[in-house]
Structures are given as C-alpha cells and as structure tokens.
Amino acid sequence: MTSRIPRDSRLRLVGPRSLSAAPRAVNQRRPRRSAPRPPEGTPAPAELARMARSQLAAAARVARWADAALGPGSDGATADGKATLADATAERAARDLGLTVAQVRADWDTARLAGLVEVHGDSARPGWRLRAWNRDDSAVLRGWVALFDAWSLAHAEPADHEPATVAEVVSAMPQVLSFLQLSAGSVPVDQLLDLLEQRVTELRTERCEIPYGPQPEPTEQPQALDAPLAPLLDWALHALASVGALTCGGGQATLTPLGNWAVWVKLEQICVAAQSPAGNIEVAADEMLRGCAQLRPNAARAEYRAWLAARPVGSAVTELIAAARGDDALLRGLAFEALRVVGAPAEPDVSAVADEPTLRPYALLWLAEHDGVDPEDAHEVLTREEATWLWVDTAAAVADHGEAPMLVRHLESAVQPTVPMLLDEVRAVGHPRTVQVLVALAAAHPDPALAKAVRRAAFQVHTGGS
C-alpha cells in the first residue's frame, strides 16, 4: 500500500509582508473608528509639514552635513558617547556651513531631539526621519512633535531655581497648553501664570507634601507658593517659542498652527483612551495589549499612543518588553507593534533583547524597519531558521486566539516551498509550542492527506522520534 502523503505539496507563496504582518491577522473584527477631524482652520497635513520643515531646516542641514562629511559609522562626530559634537567636528562644520560653532551645536542638539540624528552606542548616525525628509510628510511631522515634546530640553532652564520647582512647572505646562488650545487665540500671560500657579499647587496637594516643623494656623486663603513662578513661566514660553509651538509678545501668548495642531492631537489621544471600554490608559502593558487584540491596526495604534502618552517612555518600553517575554504569542506580536509606535527611544532596549531566542525575530524586524528598511523587505534580515521560528510563534497566536480557517491560511506565509520542507524545518527549530501548533493545524486542515502528515510530525516532535 502506498502512502497518501503528498511528496511535493506546493505552498502558494505570497508577498513577504505577510510574515511580518501575520501577528495582526487575529485582530480584524471590530469596525473601524472614524478619525476625529481637527479644529476648523487647522492647515492641511501638507501645509503643516511645510511649516515643520521650515522650523527644522537648520537642524536638517547640520544632520545632512554630518551624514556626508563624517560617513556611516564614523566615530568622529561625538566625544562623550552622548552624541555631543566633538570640538574639532563642530569647528569643521562651522567652517563648511558658514555658521558659528554655537549655532552648529544648537542645530545639532535640535536634530537629536527631533530624531534627525540618533544615538547608537558611542556614536551618532542619521535617523530614518532624515532619510524620509523630502518624501514623507508624516515623518517630518513626527520629528517636529518629538522636538515639541522635548521643549524643556531645547532651551536652558534658569539656573537660580530649585530643580523640583522646575520639574513641577514642566509637569503643569500640558494644562497651560491645553488652555491655550481651547482658547483658540491669544491669552494674557498673567492669566496663564494664574493657571500655572493653581496647577502647581494641585500637584503638591496630590503628593500630600507637608513641611516639617511647626505649622501656622490654617487660614481660609490658600498659602502662597514659596517662590514666584513668573520667571519659570517666562522660560517655558520662550522654550516653546524656540521650537515653534507658540509666539509670545506684548504680554500675550498664542499657539502657532503647528502648536495648536500638536496639542489637539495629544488631547484627542487622551480622549480616545478615556473612552476605551477597557480603560487601557490605566492598566498594565499586557492587559492593554489584550484590550487592543480585537481592534483593527489603526485603532490599536491609537490606543498604543494614548497608553504611551500617560507614562514615561522608559518604563513603558520596559513593560512592553516584559509582556513580549510572556507565554502568549499574540501579546508578543502586539508588544512589538506598540514598540513601533514608540520609535527611536525604544531602540536600545530592542537591541538589547535581540539575542533572546524568543524575541530575536521580532527584534530584528523592528530594528530593520527602524533603520529605514521597507517593511515589505524587512523579512530579509531573518535567517531561514528565524523565519521558521516566527512562523510557528505566529501560528501559536492564531491557534490560541483565531479561527481554524485563519490557521490554514497561515500556511501561505511560510518561507518553505513545500509542506514536507516546512514540517522538517518546524521540527528542527525547537519552538516550545510546535506540538500544539501542528496538532491544531492538522485538526483544521481540510486535506486528509496533509492533515495526516502534520499529525505524524506532531507525534514525532512529541516523542522525540524521527
């Protein structure tokens, strides 16, 4: 009796994007949310991008000079491992560009904050936003928003104020900016100062700060702040003006179109999170990812942004990677989707986990896309073994959270051209979920002969046979 196992069951090859996109196959159920419209009068995205390019033109010029003059991988750009220009490099750039050394250093710092230059280990190199500068308006806008988020680093803070007070002002400024955005026009600085003082007082009350020593009798009037905040408000407004978020003069402050748009975007992200049935903004990373599992990709990315906006980037990245290390393969894929939203700040942490077998394929794809490789071609950075491991991991996610036809369709994303080759390499790769994946695939596949071959492979992996 001859075996009915097909000798050369061809798999239909599909585009390489199916491999990197496969973790998203199980989250395609909920209807797409309609995108919120910006306030009336907001310039079109192309016009906003033109404004952002103008604001960042000097920084982009210095970043391009460094790319051309220093070359890839050069260690001449920095002297301290923190992407600060070495003296000789700054002087050379000043000569070549017709600038002063101080201007070069200021533009270089802006380029770093905007992600036009990225720090990698002990050196700096051009960021993906610089590569996409002329063709991708969204990359330009993201670069400007990164600079906007770092406004407190773009302008030196006053030296004669307590660091704790400066930190309180930085924490209170989002509310001041929200008031400016909602006011839709110029606002007197004195009014902003009143709001800032109220917010700082609220922050201190929330922390329940009670000074040591004898306390005065309580009065009906609130206690005045220890130090005047007017100089710090002046610093904050000038720092925001230096990044192009607002204008300030004549005792009035007004958001620029870019600043108005950026504040609106952040307010919308908070509203989306607040309206989430699962309350994703307040939960841990793994619970947030589970809450996003049933959303379409665009809606999920909006949830990721809102969740990230509510916590420090460093701790958020740590939480996401911890979730990726868990047993749920679906959360692993979604965690790296969320890390794509984080962008450049996540690069050191993602690089650090690239040697962990469980996370390596995801990390390599993330790093390739972060370095500017087209997502359609990112799979080429994986070895055959790594691609097979990712195929099994994604199949585990589909088996746990998807439907049987989806698991059958997942065969199409395998890099192996035949079923026997796929089974041989799946058995060899050593994924801990191999048996469960093969059993689920055998149960789901409508071809009896192929299902029998898959069951046999599952049995051989289970028993350690050949």
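Modeller: Two strands pair if DSSP finds at least two bridges between them. Strands are DSSP runs of E with at least two residues and helices runs of H or I with at least four, numbered from the N terminus. This is a predicted model, in which local features need pLDDT of at least 70 and side-chain atom pairs count only at pLDDT 80 or more, while totals for chains, interfaces and linings use all residues. Residues are numbered from 1 along each chain as its sequence is written, and side-chain values use heavy atoms, without hydrogens and water.

Biologist: What makes β3 and β4 stand at the edges of the sheet?

Modeller: The open sheet has three strands in the order β3-β5-β4, with antiparallel pairing. β3 (187-188) and β4 (246-249) each have a single partner strand, so one side of each is left without a neighbour in the sheet.

Biologist: How do you know that β4 and β5 pair?

Modeller: Four bridges join β4 to β5 (residues 252-255), against the required at least two. Cys 248 stands opposite Ala 253 in β5.

Biologist: Why is α3 called roughly perpendicular to α4?

Modeller: Helix α3 (residues 57-70) and helix α4 (residues 87-97) pack at about 110°. Angles of 65 to 115 degrees count as roughly perpendicular, under 35 as roughly parallel, over 145 as roughly antiparallel and the rest as oblique, so α3 is roughly perpendicular to α4.

Biologist: Why is Trp 391 called buried?

Modeller: Trp 391, in helix α19 (residues 384-401), has a relative accessible area of 3%. Buried means under 20%, exposed over 50% and partly exposed in between, with a 1.4 Å probe and protein chains only, so Trp 391 is buried.

Definitions and conventions. Axes fitted to C-alpha atoms, helices over the stretch in contact; angles between N-to-C directions.
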